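Me: I would like to go through this structure by question and answer. Please take the overall make-up before the details.

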Amino acid sequence: MSDHGSHHSHSTSPENQAPARTLDAHTERYARRTAGMTASEIRALFAVASRPEVVSLAGGMPNLAALPLESLSGEIARLIAEDGQAALQYGSAQGVGQLREQICEIMELEGISAHSDDVMVTVGSQMAMDLVTRIFVDPGDVVLAEGPTFVGALGSFTAYQADVVHVDMDDDGMQPEALRQTIDEVHRQGKRIKFLYTIPNFHNPAGVTLAVERRSEILEICASNGILVLEDNPYGLLGFDGQTYPSLRSQDPDNVVYLGSFSKTFASGLRVGWVLAPHAVRERLVLAAESATLCPPTLNQMIVSRYLSTHDWKGQIKVFREQYRERRDAMLGALEQHMPAGSDWTHPEGGFYVWFTAPEGIDTKEMLPRAVNQRVAYASGTGFYADGFGNRQMRLSFCYPTPERIREGVRRLANTVTDELDLVRTFGPTGKRPATGPQTPSPDTA
Ligand SMILES: Cc1ncc(COP(=O)(O)O)c(C=O)c1O
């Protein structure tokens, strides 16, 4: 936000009061689609959780400490010296050709055979989500998504006034039977389903992976109901044993739009991701992208391309995997050691996240200020649902803090949960008590 309303003048002249009045006037002019735009709970938390004494298990920042910064800076300097005229110029809306070809080689690791003509580079896969929603969703159309699902995806869907309907998951990912029932129910209500958004590998936030034997069934259900599949796969190469799974796109190229990203396997700040889509969809996406950004940043694309051709990027991903596996082990071990009975959590085999269910009666959003008092932060579960579900759940990220900090954070969190459980036993469930003490920061303060 700008500094509307925060002018420091003490004058009471009408001119100096204008900012507050124009703020109201602006608010009235906003398009209806902005009504669903609120800062995610996670963003609201960032300010508090980033205090150094707080162990943050809340964010999803990749750990970049292992990147070869020195050789990378040499390559970037050479890139500008040798090819600066191109690197600093506008490029095509679809993205740099050489990078699109390298992207096809990367996708082969998960069974995808694709032509670089069908790839479009985006400003992170977040932008691809926005564009796909923009070209498919009219207000009131239904988008299906796992419950829970990625907060950023919910942001895009609600920005286009989609009606998000969740599909249940278990330890093997989305349940095909639940998908069938959900589709029938939505159709009974006379609503139109535009696509199914799914994160098959190392799910954010659930930490689970879609079982291989469920994949073709889910694709068949979608195809037979005329529902497009939007497969989001930023973590697919971060399996802790180096394992990969056949992507949905590889099994049904005509009905899947696939999203990839360099954010978790290289550098999130470069904002380079991509979308692979059936030809007609790709054409429409390029038009939508042009109207949003003209073209993705040429320099960043060329940096990624050069990194891929000059560095051992597969070896680098292995380093990341080993780092994250050590952190996952630290988290699971500490949860096992400290959490009270009645708690439950997922056991991720890759990615960044554990999905934790607190003992009955605990409301994780209500508990958050007390956790922060104990110097630990997490992302409460309700932010990952469009329908208010998830108040017994939280997402715990093991990607960023060191293993020691993770163990300490989980110990503090377990103390908070245990204290909360005592309160629940004495006074009843937290959600039903009048709120006292420090409140979660409202979205407006973040
Ligand atoms: C499931 C999922 N999709 C997409 C994104 C966004 O990635 P990008 O940085 O490529 O926009 C994230 C980032 O956390 C994610 O977890």
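Reply: Of the 446 residues of the chain, the share that counts as buried is 42%, where a residue is buried if 20 or more other C-beta atoms lie within 10 Å of its own, exposed if 12 or fewer, and partly exposed in between, with C-beta atoms placed from the backbone. This is a predicted model, in which local features need pLDDT of at least 70 and side-chain atom pairs count only at pLDDT 80 or more, while totals for chains, interfaces and linings use all residues. Residues are numbered from 1 along each chain as its sequence is written.

Me: How many helices and strands are there in the chain?
Reply: Helices (H or I, at least four residues) and strands (E, at least two) are taken as DSSP runs and numbered from the N terminus. Counted in that way, the chain has 15 helices and 14 strands.

Me: In what order do the eight strands of the open sheet with mixed pairing run?
Reply: Two strands pair if DSSP finds at least two bridges between them. The edge strands of this sheet, each pairing on one side only, are β2 (119-122) and β5 (173-174). The pairing is mixed, and the order is β2-β9-β8-β7-β6-β3-β4-β5.

Me: Which residue is the bridge partner of M169 in β5?
Reply: β4 and β5 pair in the antiparallel sense, over two bridges. In β5, the residue that partners M169 is M174.

Me: Is strand β3 largely enclosed by the rest of the structure or exposed, and how many of its residues are buried?
Reply: Strand β3 covers residues 142-147 and is largely enclosed by the rest of the structure, because its buried residues number six of the six. It is joined to strand β4 (residues 163-170) by six bridges, the two running parallel, and it pairs with strand β6 (residues 193-198), also in the parallel sense, over four bridges. The count of buried residues in β3 is therefore six of six.

Me: Which residues stand opposite V143 in β4 and in β6?
Reply: In β4, V143 stands opposite V164. The chain passes from β3 to β4 through helix α6 (residues 151-159) in a right-handed β-α-β crossover, meaning that, with the strands pointing away from the viewer, the path from the first strand over the helix to the second runs clockwise. In β6, the bridge partner of V143 is F195.

Me: Where does D141 lie, and with which residues is it in contact beyond its neighbours within four places in sequence?
Reply: D141 lies in the loop between α5 (124-136) and β3, and it is partly exposed, because 18 other C-beta atoms lie within 10 Å. Its C-alpha atom is separated by 8.5 Å from that of V164, 23 residues away along the chain. Two residues are in contact if their C-beta atoms, placed from the backbone, lie within 7 Å, and for D141, neighbours within four places in sequence aside, these are A162, D163, R192 and K194.

Me: Which residues point one way from β7, and which the other way?
Reply: Strand β7 (residues 228-232) is mostly covered, with five of its five residues buried. In a regular strand the side chains alternate between the two faces of the sheet. In β7, L228, L230 and D232 point one way, and the other way point V229 and E231.

Me: Which residue of β8 does E231 stand opposite?
Reply: Strand β7 is joined to strand β8 (residues 256-261) by four bridges, and the two run parallel. The residue of β8 that stands opposite E231 is Y258.

Me: Why does the largest nonpolar core lie between domain 1 and domain 2, and which of its residues touch the most other members?
Reply: A nonpolar core is a set of buried Ala, Val, Leu, Ile, Met, Phe, Trp, Tyr and Cys residues joined through C-beta atoms within 7 Å. Of the 106 residues in the largest one, those touching the most other members are V143, L144, V229, V275, M331, Y378 and L396. It lies between the domains because residues come to it from both domain 1 (34-66 + 315-427) and domain 2 (90-310), the bounds being those of an automatic or database domain assignment.

Me: With which residues is L396 in contact, leaving aside its neighbours within four places in sequence?
Reply: M331 and Y378, which with L396 are among the core residues touching the most other members, are both on the list of contacts of L396.
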